[in-house]
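Please look over the following structure with this note at hand. The points are numbered and can be read in order.

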Amino acid sequence: IWKDKHKVLESFITVEFSKLYRFLKDQEEALKKRLLEDKEVALKPLQENLDLMAEERAKREQRRTQLRNALREEDKLKFLKQIFLSSKEDRKLKVMSKKLSLGVFQKYLPYLIWRKMKKMVTHVPEDIDLDKDTAHPYLDVTSYHGVKSVSCGTVQKKCSNNAKQFMTYPFVLGSTGFTSGRHYWEVEVKKKTGWAIGVINESVNRRGDLTLTPQKGIWQLLFSSGTLLSVNKEKLTLFPSRVGVFLDYEDGLISFYSADDVTRLCHYYTTFTEKLYPLFCPGGRDNGNNSEPLRLYPPYV
């Protein structure tokens, strides 16, 4: 099974990169063709000038001969007339541009090609909404211009009888749960001294004490006291400013990435048996040192 999956993934990577290579090659050839056309347009006045100069040189040689003949005849009037006619026949050369330029492509080529490449992107991180009904009473959940945020506040809100609400841990869940498919979302965690991100079983008790382990239906990446811990509580050495969460329900896989450079932080295999929700914990305020919220930005390319 693992060998088959490896072959499928390897084939997928090959196909996707082939598409990217083909796209870049097509863009390169199109730009070179455009440059060649601009070159021909820019060199056309030069060639016309060269042809004109050759023509003028022949005519000047002819006029010199005529002037020498007129001078030998000692006919001053005829000589002056030949000079006058020569001056009227002078033709101006065409002005040629000083240099051939790629214009905006000369400096911003990677950006402009990237703009075109965006059309190839068919999957982006999911736009996760936060369910305020699940938020612990101390959490402040906000949304501004599409950016969802959650932080630990200073005032406890009125508790409700809603069974969805967490009362022991400062958790809030995503609005949409997953029972199938592959899902990926990103969370900004920079400037924070404590946080937890992951997924949680729908049936987890939200009103009482919790055991934060996979065996109890919680798979989380935890940052606390300067230490980043994996799902298995192993210490990690990377400290990302943005975390990517990947869930493959059918394969029973939960993976965490540094979204800054797509470096995998850790992963965990299991068998999911019920609906999973994205889990967010901004941590306590830590005397104001951890007041920054967790942020979920709208997907963009």
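Is Phe12 buried, exposed or partly exposed?

1. Phe12 is partly exposed, at a relative accessible area of 49%; buried means under 20%, exposed over 50% and partly exposed in between, with a 1.4 Å probe and protein chains only. The residue sits in helix α1, residues 2–72. Helices (H or I, at least four residues) and strands (E, at least two) are DSSP runs, numbered from the N terminus.

2. This is a predicted model, in which local features need pLDDT of at least 70 and side-chain atom pairs count only at pLDDT 80 or more, while totals for chains, interfaces and linings use all residues. Residues are numbered from 1 along each chain as its sequence is written, and side-chain values use heavy atoms, with hydrogens and water left out.

3. Helix α1 also holds Glu28 and Lys25, three residues apart, about one turn of the helix. The two form a salt bridge, with the closest N and O atoms 3.7 Å apart; the term means a side-chain nitrogen of Lys or Arg within 4 Å of a carboxyl oxygen of Asp or Glu. Glu28 is partly exposed at 34%, and Lys25 is partly exposed at 38%. The structure holds 13 salt bridges.

4. Strands β2 (residues 139–144) and β3 (residues 147–152) run antiparallel and are joined by six bridges; strands pair if DSSP finds at least two bridges between them. They form a hairpin with two residues between them, and His145 in the turn has a positive phi of about 55 degrees. Asp140 stands opposite Ser151 in β3.

5. Asp140 also meets Lys157 in a salt bridge, 2.6 Å from N to O. This pair links distant parts of the chain, with Asp140 in strand β2 and Lys157 in the loop between β3 and β4, 17 residues apart.

6. A salt bridge at 3.6 Å, N to O, joins the side chains of Lys148 and Asp129. Lys148 lies in strand β3 and Asp129 in the loop between α3 (105–117) and β1 (130–131), so the pair ties together parts 19 residues apart in sequence. Lys148 is buried, at 6% relative accessibility, whereas Asp129 is partly exposed at 42%.

7. Ser149, in strand β3, is buried with a relative accessible area of 11%. Not counting residues up to four places away in sequence, its contacts (heavy atoms within 4.5 Å) include Leu130, Asp140 and Pro293.
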